[in-house]
Amino acid sequence: MIKGITLPALAEQIKREHGEKKDFIAPTTQLRYEAKGERGSIGFAMNDNDWVETEPTEHCLAQICQRSGIPKPYADRMRGDNLELLAHNVNWWWQHKSEKRMLRTLVNGEHRARAFVSERYRPLDNYDLAEVVLPRLAKAGCEVLSCQITETRLYIQAATPKMQLDLNKLKTSGKKLSEIDPVQAGAVISNSEVGQGSIRVEEMLYRLSCFNGMITSHGTKRYHVGKGRSEFAELDQAAQYFTDATRQLDDKAFWAKVRDVVDSIFDLGRFTSLAQKFADTASLKLESATDAVETVTERFQLTDRESKGVLDHLIADGDSSLFGLVNAVTRTAEDVENYDRAIELERMGGAIIELPANVWN
């Protein structure tokens, strides 16, 4: 499991950013992209008087280019060779294809634009999420193992010693690396305030012998903007007309559901079933470690460096079973520098055990 920041540091950052948040909704005709700095600058009038300039993050700039129909490789080329050309492209589309957008910024002396999203975007903020889930994790006896706030998401990974099993006792066959091989029930909670997906509450198995986390399945998702997929589609479209009181009731009901989902993850029956499924992978022997890693690389689009890391860990561990392959993948999560990517590798470990056995034959 990749090392993040401490829980007190996470709490401090969440609190600080909560006080620095400022959202602006304006038609793009009132925005101006300037060729300044490394990523340019977004200018707009605040209160019809003061002109404000804010530097976009990489994520925000990618959203701007995507909305303007500018391919990312071409945008990167213009940034490197001719930032004024990129500014001209963005401003032309902002003026000729005007739409209302929300610009999410952090104000700490200077503005920093972190998201360029729909005017109907319903923020579900990290501050509110932390207030809901941290007490539930504490009630379950969890220890926060790793946490981080990246440019796009908040992550909290936790497990409880109160719910623990020995994988060696669950295995019907396969290699036993030690006298006991404890695994604990855990959860991974994540959220994006900048339009990069949804709030996610996911189950995790935490293996103590190697400090690996394997994210096994998704508990729930909540997307920030509802899609018209049900008989309530008209209500979803009318969300912009809701009163503050209605919004508060809607959010209160949702956070109650999040609490219930977090509680449901720490269910002994579910945990035992998942741990048994993981232990059963020890009985499936891999004919070729190289072929198995190639299969994972192609199916999950690993980089060359990640693929080599998985193979190296698989060989070093000496376990030529599917159990060993899963652990090699989740162990590789510790080697990457990007926290978002590390979480993806932990999810790959959980996805591998769901694949049919004939994939490996």
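Modeller: A residue counts as buried when its relative accessible area is under 20%, and as exposed when that area is over 50%. Keep in mind that this is a predicted model. Now take Arg 347. Its relative accessibility is 18%, so Arg 347 counts as buried. Arg 347 belongs to helix α13, which covers residues 339–352. Which residues does Arg 347 touch, beyond those up to four places away in sequence? They are Ser 190, Arg 200, Glu 202 and Ile 215.

His 111 is part of strand β6, residues 110–118. Set aside its neighbours within four places in sequence, and His 111 contacts Phe 24, Val 52, Glu 53, Thr 54, Glu 55, Thr 105 and Leu 106.

Now step back to the whole chain. The protein has 361 residues, and 49% of them count as buried. It holds 13 helices and 11 strands. Take the contacts between residues at least 6 apart in sequence: 64% of these join residues at least 24 apart.

Next, the nonpolar cores. In soluble globular proteins, nonpolar side chains tend to be buried together. Here the largest nonpolar core has 72 residues. Within this core, Val 258, Phe 266, Leu 325 and Trp 360 touch the most other members. Look at Leu 325. Not counting residues up to four places away in sequence, Leu 325 touches Leu 286, Ala 292, Val 293, Val 296, Val 310, Leu 314 and Trp 360.

Val 296 sits in helix α10. Its relative accessibility is 0%, so Val 296 counts as buried. Leaving out residues up to four places away in sequence, Val 296 touches Gln 301, Leu 302, Leu 325, Val 329, Ile 352 and Trp 360. Val 296 and Val 310 are 14 residues apart in sequence, and their C-alpha atoms are 9.3 Å apart in space.

Gln 301, one of the contacts of Val 296, lies in the loop between α10 (289–300) and α11 (304–317). Gln 301 has 67% relative accessibility and therefore counts as exposed. Its phi is near 55°, a positive value in a residue other than glycine. Phe 211 also has a positive phi, of about 60°, although Phe 211 is not a glycine. Phe 211 is placed in the loop between β10 (199–207) and β11 (212–222). With a relative accessible area of 52%, Phe 211 is exposed, because the limit is over 50%.

On to the aromatic rings. A pair of rings is described by the distance of the centres and the angle of the planes. The count comes to seven aromatic pairs. In one of them, the ring centres of Tyr 33 and Trp 94 are 6.5 Å apart and the planes stand at 80°, so this pair is edge-to-face. Tyr 33 lies in strand β2 (residues 31–34) and Trp 94 in helix α4 (residues 83–96), so the pair ties together parts that are 61 residues apart in sequence. Tyr 33 and Trp 94 are buried. The rings of Trp 92 and Trp 93 also make an edge-to-face pair, because their centres are 4.9 Å apart and their planes are at 80°. Trp 92, at 39% relative accessibility, counts as partly exposed. Trp 93, at 32%, counts as partly exposed too. Ring pairs also link Tyr 33, Trp 94 and Phe 116 into a cluster.

One ring meets a charge. The charged end of Lys 171 sits over the ring of Phe 323, 4.0 Å from the ring centre.

Finally, a helix pair. Helix α3 (residues 72–81) packs against α4 at an angle of about 135°, with the axes 5 Å apart. That makes α3 oblique to α4. Which residues meet across this pair? From α3 come Tyr 74, Ala 75, Met 78, Arg 79 and Asp 81. From α4 come Leu 83, Leu 85, Leu 86 and Asn 89.

Methods: Residues numbered from 1 in each chain as written. Predicted model: local features only at pLDDT ≥ 70, side-chain atom pairs only at ≥ 80, totals over all residues. Heavy atoms only, no water. Core = buried A, V, L, I, M, F, W, Y, C linked by side-chain atoms within 4.5 Å. Buried < 20%, exposed > 50% of the residue type's maximum accessible area, 1.4 Å probe, protein only. Contact = heavy atoms within 4.5 Å. Phe/Tyr/Trp six-rings, centres within 6.5 Å; stacked < 30°, edge-to-face > 60°. Helix = DSSP H or I, 4+ residues; strand = E, 2+ residues; numbered from the N terminus. Lys NZ or Arg CZ within 6 Å of the ring centre and 35° of its normal. Axes fitted to C-alpha atoms, helices over the stretch in contact; angles between N-to-C directions. Parallel < 35°, antiparallel > 145°, perpendicular 65-115°, else oblique.
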